[in-house]
Amino acid sequence: MRRISCLNALVLASALLATAPASAEIRIIQSPGGQVGPFLDLFEKVRESGERVVIDGPCLSACTLVLSIVPGERICVTKRAVLGFHAARSVDRRGRFYAEPEASVAVLAAYPGPVRDWISRRGGLSSRLLLLKGRDLAAIYPRCR
C-alpha cells in the first residue's frame, strides 16, 4: 500500500513538472520515500527545469536524494521540514529487508558535505532513521521566503 501511494505521488509530481512554468517551485509536503529509481528520475527533471525546491514537511528516505541532485542554492526549507535518513536497503522476494552497504556508502558520499557531516556526527547511516530538522536543518539550508 505504501508503494502505491508513493507511486501515485510521483506520477502527480511528474505531471506537474510537465506543465509548470520555469519560474514555479516544487513543494515537498509529505514523502515517505520509496524506491530510489523514480525519485532519481523525478529530481533529475527538477534539476533540469531550473525550479526551486521547497521542503515543507517530511522528506524521508529516498526523498532525501533531492539534496544530491538539485543544486543546494535552489533548495529551501520551512519550519515544518524534516529530512529522514537511513542506510540503503532492498527487499527480497519474500518481502524481507536486507542491507545494501555499498549503496549506503555511495548515497552518503553523494550528499552535500554539511549533510554528510551531520549524519556522520550521529553515527552514520544505519537501519535507524535519523531526523534532520529545526535549527540543525536551518543551519544547512535557508528558510524559504
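Helices and strands are taken here as DSSP runs, numbered from the N terminus. With that naming in hand, D56 of this predicted model falls in the loop that links β2 (52-55) to β3 (58-60).

Mean pLDDT for the protein is 88, with 84% of residues at 70 or more. The stretch to treat with care is residues 1-22, where pLDDT stays under 50; for this stretch the model has 20 contacts beyond four places in sequence.

The surroundings of β2 come next. An open sheet of three strands runs in the order β1-β2-β4, and its pairing is parallel. The edges are taken by β1 (25-28) and β4 (75-77); each has a single partner strand, so one side of each lacks a neighbour in the sheet. From one strand to the next, the twist averages 20 degrees. Between β1 and β2, the parallel pairing extends over four bridges, and R27 sits opposite V54 in β2.

The side chain of D56 forms a polar contact with the side chain of R27, at 3.1 Å. D56 counts as buried because its relative accessibility is 8%, below the 20% cut-off used for that class. Once neighbours within four places in sequence are set aside, the residues in contact with D56 are R27, I28, I29, T78, R80 and A81.

A further part of the picture is built around helix α5 (residues 113-121), whose buried residues are V115, W118 and I119. These residues lie on the same side of α5, because they cover an arc of only 95 degrees around the axis. Their cover includes α3 (66-69), β5 (82-85), α4 (101-110), β8 (130-133) and α6 (134-138). Just after α5, G123 adopts a positive phi of about 100 degrees.

Two of the elements covering α5, β5 and β8, are also partners of each other: they pair in the antiparallel sense over four bridges. Within this pairing, V82 stands opposite K133 in β8. The side chains of β8 alternate along the strand.

Conventions. Residues are numbered from 1 along each chain as its sequence is written. This is a predicted model: local features need pLDDT of at least 70, side-chain atom pairs count only at pLDDT 80 or more; totals for chains, interfaces and linings use all residues. Side-chain values use heavy atoms; hydrogens and water are left out. Buried means under 20% relative accessible area, exposed over 50%, partly exposed in between (1.4 Å probe, protein chains only). A polar contact is a pair of N or O atoms within 3.5 Å; within protein, one must be able to donate a hydrogen and the other to accept it, and residues adjacent in sequence count only if both atoms are side-chain atoms. Contact means heavy atoms within 4.5 Å. Two strands pair if DSSP finds at least two bridges between them. Axes are lines fitted to C-alpha atoms, for helices over the stretch in contact, and angles run from 0 to 180 degrees between N-to-C directions. pLDDT is the predictor's confidence in each residue, from 0 to 100. The arc is that of the directions from the helix axis to the C-beta atoms.
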